[in-house]
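I set out to look up the charged pairs and the strand pairing of this chain. My entries follow.

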Amino acid sequence: QVQLVESGGGLVQPGGSLRLSCVRSGSTFSINAVGWYRQAPGRQRELVARITSGGSTNYADSVKGRFTISRDNAKNTMYLQMDSLKPEDTAVYYCNAEGRHYDARAFSSWGQGTQVTVSS
């Protein structure tokens, strides 16, 4: 069982910064990719940023140049540095991990979410 716990959300003014963290626990055979998603009220959950085991990253067009995803494998932790925040970044942010268990079953696990509110 893979568990993910996010932290770092909060209220920030437009133009400000926040760093989200996601700690992973539980033993798995492999982690293929980790990522951050967000869901605003009345909208579908969307990809924000994703990084593969090989280090390849992709970002939503709306956050390119402002957000940076990173990971610390030794700490089983990934981060989302969010700069130049805009009111439209307001959402619940979820971390996700994809991989395989030792019995070869694929999994996709989610954290509980952390609220980010950008407002003056």
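I looked up Glu 98 and found it partly exposed, because its relative accessible area is 21%; buried means under 20%, exposed over 50%, and partly exposed in between (1.4 Å probe, protein chains only). The model is predicted: local features need pLDDT of at least 70, side-chain atom pairs count only at pLDDT 80 or more, and totals for chains, interfaces and linings use all residues. Residues are numbered from 1 along each chain as its sequence is written, and side-chain values use heavy atoms, with hydrogens and water left out.

I noted that Glu 98 forms a salt bridge with Arg 50 (3.1 Å, N to O), the term meaning a side-chain nitrogen of Lys or Arg within 4 Å of a carboxyl oxygen of Asp or Glu. This pair joins strand 5 to strand 9, 48 residues apart; strands (E, at least two residues) are DSSP runs, numbered from the N terminus. Arg 50 is also the bridge partner of Gly 35.

I then checked the pairing of strand 4 and strand 5, which is antiparallel over six bridges; two strands pair if DSSP finds at least two bridges between them.

I next turned to Asp 89, which is buried because its relative accessible area is 1%. Its side chain meets that of Arg 38 in a salt bridge at 2.9 Å, N to O. A salt bridge also joins Asp 89 to Arg 66, at 2.8 Å. Arg 66 counts as buried, because its relative accessibility is 10%. Shared partners join Arg 38, Glu 46, Arg 66 and Asp 89 into one network of salt bridges.

Key:
Helix = DSSP H or I, 4+ residues; strand = E, 2+ residues; numbered from the N terminus.
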